[in-house]
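New page in the notebook.

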Amino acid sequence: MHSFLFKRKNEAAQGACRLVGSGENILVWEDPWVLELPLFRPQPRNAHEPRQCLAVAQLMNHDRTDWNIGLVKQLFNEDSVRAILNIPKWFSGNEDKWIWLHSSNGVLTAKSAFKQIAKEAYDIPINQSLGRIWKTRIHDRLKMHLWRLAADLLPTKDTLTRFVSSLDPICVLCDQECEDAVHLFWDCPMARALWFGCRWSIRTDQFPITNATQLVIMLMSPPNEWGIKSEDKEGFILIGSLILDQIWKCRNLKVHEGCNASMEHLERRIAVLGSEYHLANSITLCPPSTVKKTCWQKPPINCLKINCDAAVGNSYSSVAIVARDWRGTVVLAVSQKVNTTIPLQAEAEAIAWASRIAANLGVDQICIESDSKTCMDHIRGKLTMLLMSLLGGHSEIDFGVLLI
Ligand SMILES: [Zn+2]
């Protein structure tokens with residue numbers, strides 16, 4: 001597997017080169033980024049010295065207006081130093097870009113990149129599902145993100161720790177598990193909440209995956225259990241790729257700038273971007289009412305429905321809460337860790353948390369839904385009493401079981 005990826009990276013490097021913007025997303029030794037050099041990669045001054053894992057941004061001076069020439073000279077051989085100093089002036093606010101040398105205008109289109117790589121790597125069987133990435137009508141940036149994820153080219157911590165053993169491998173979004181692509185985009189409490197909060201209410205714990213390629217394949221060809229109709233598949237790919245994109249952005253924001261993004265912010269961002277792409281590309285986004293009629297249903301008018309879910313892990317569990325109004329719009333999506341590995345207890349914790357949130361929301365009609373019938377049967381009476389006392393007896397409360 002490693003040699004396969006290494007080969008693919010080399011072949012990609014023959015046509016694609018990174019154009020330095022902020023330099024934050026380009027790895028000095030891994031990525032192709034110096035146009036004037038063979039394979040666009042710089043060479044070290046001393047080939048025997050261990051190579052430190054660095055982003056190109058770390059080669060710049062403090063205010064990011066120029067190279068840190070001392071450091072550049074210390075790390076690279078003469079040819080590389082000259083070529084790096086020749087790189088055109090960048091704007092630190094710009095994003096790093098790809099340029100593509102197999103097209104006349106130097107613009108990398110996702111399709112041309114894939115074609116070239118596929119042509120050169122004739123001995124690599126290319127999964128048809130992955131080939132579909134380029135046929136979708138999502139933005140090229142999202143296609144590239146999916147492809148990098150599928151090809152294991154994202155610099156997640158598990159990849160980086162192969163080069164820098166001192167790097168903290170723990171996921172910055174949950175502070176619990178080691179960060180790899182499967183954890184970050186599928187198993188992390190934040191990922192679970194986002195997938196569960198989307199209009200298809202996908203429970204990631206019911207679809208375990210072992211690598212990121214599988215995840216992208218599932219996105220391109222969703223399992224029947226998710227109840228996605230053929231006319232809604234494009235909308236699903238759009239929303240799914242936005243979830244993956246926003247998780248990566250949120251993770252980078254935390255790693256590079258120490259900023260936290262709230263679940264509500266991410267949910268809203270995904271909804272807004274989804275609508276924008278939908279308008280720009282005429283991608284069908286079927287209203288939630290046409291999806292999963294047999295499972296999740298919108299609450300009655302003016303009622304708030306709170307769905308709760310628990311996923312049991314090896315050392316802790318994650319619970320997620322998603323509240324939607326009578327139009328099916330998400331108004332709240334949160335997740336947290338709970339200190340139990342007993343499924344029933346985790347489900348009960350989720351329902352109890354949903355009840356506390358419901359009490360704080362101060363709405364007139366609330367429906368709390370869980371897929372744990374046992375839990376619901378046991379606590380329905382007690383919780384109704386508790387909530388009635390918290391809400392002052394004016395509200396209508398209903399507890400339901402979501403059949404999946
Ligand atoms: Zn995590």
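Predicted model: local features only at pLDDT ≥ 70, side-chain atom pairs only at ≥ 80, totals over all residues.

What share of the 404 residues of the chain counts as buried? I looked it up: 34%.

**Entry: overall make-up**

I went through the secondary structure and got 14 helices and seven strands for the chain. Then I checked the contacts between residues at least 6 apart in sequence, and 65% of them join residues at least 24 apart.

**Entry: confidence**

The average pLDDT of the chain is 76, and 74% of the residues reach at least 70. Going element by element, I found the lowest mean, 42, in helix α1 (residues 2-13), while the highest, 96, belongs to helix α8 (residues 181-187).

**Entry: α6 and its partners**

Next I picked helix α6 (residues 140-150) and helix α11 (residues 233-257). At what angle do their axes cross? Roughly 75°, and the axes come within 10 Å. An angle from 65 to 115 degrees counts as roughly perpendicular, so that is the word for α6 and α11. On the α6 side I listed Leu142, His145, Leu146 and Leu149; they meet Ser241, Leu244, Asp245 and Trp248 of α11. Sorted by class, the residues of this contact are five nonpolar, two polar and one charged.

Helix α10 (residues 212-220) packs against α6 as well, at an angle of about 140° and with the axes 7 Å apart. That makes α6 and α10 oblique to each other. I wrote down who takes part: Leu146, Leu149 and Ala150 from α6, and Ala212, Thr213 and Val216 from α10. The classes here are five nonpolar, one polar and no charged residues.

**Entry: two helix lengths**

I took the span of α11 from first C-alpha to last. Its 25 residues reach 35 Å, close to the 36 Å expected at 1.5 Å a residue. Just past its end I found glycine 258, with a positive phi of about 70°.

Which residues of α13 are buried? My list reads Ala346, Glu347, Ala348, Glu349, Ala350, Ile351, Trp353, Ala354, Ser355 and Ala358.

Most residues other than glycine have a negative phi, so I wrote down two exceptions. Aspartate 175 has a positive phi near 60°, and I found it in the loop between α7 (157-160) and α8. Serine 201 has a positive phi of about 45° and lies in the loop between α9 (189-197) and α10.

Is aspartate 175 buried or exposed? Exposed, because I get 8 other C-beta atoms within 10 Å of it, and 12 or fewer is the cut-off for that. Serine 201 has 22 C-beta neighbours inside 10 Å, so it goes down as buried.

Terms used
Residues numbered from 1 in each chain as written. pLDDT = per-residue confidence, 0-100. Helix = DSSP H or I, 4+ residues; strand = E, 2+ residues; numbered from the N terminus. Axes fitted to C-alpha atoms, helices over the stretch in contact; angles between N-to-C directions. Parallel < 35°, antiparallel > 145°, perpendicular 65-115°, else oblique. Contact = placed C-beta atoms within 7 Å. Nonpolar A, V, L, I, M, F, W, Y, C, P; charged D, E, K, R; others polar. Buried ≥ 20, exposed ≤ 12 C-beta atoms within 10 Å, placed from the backbone. Expected span 1.5 Å × (residues − 1).
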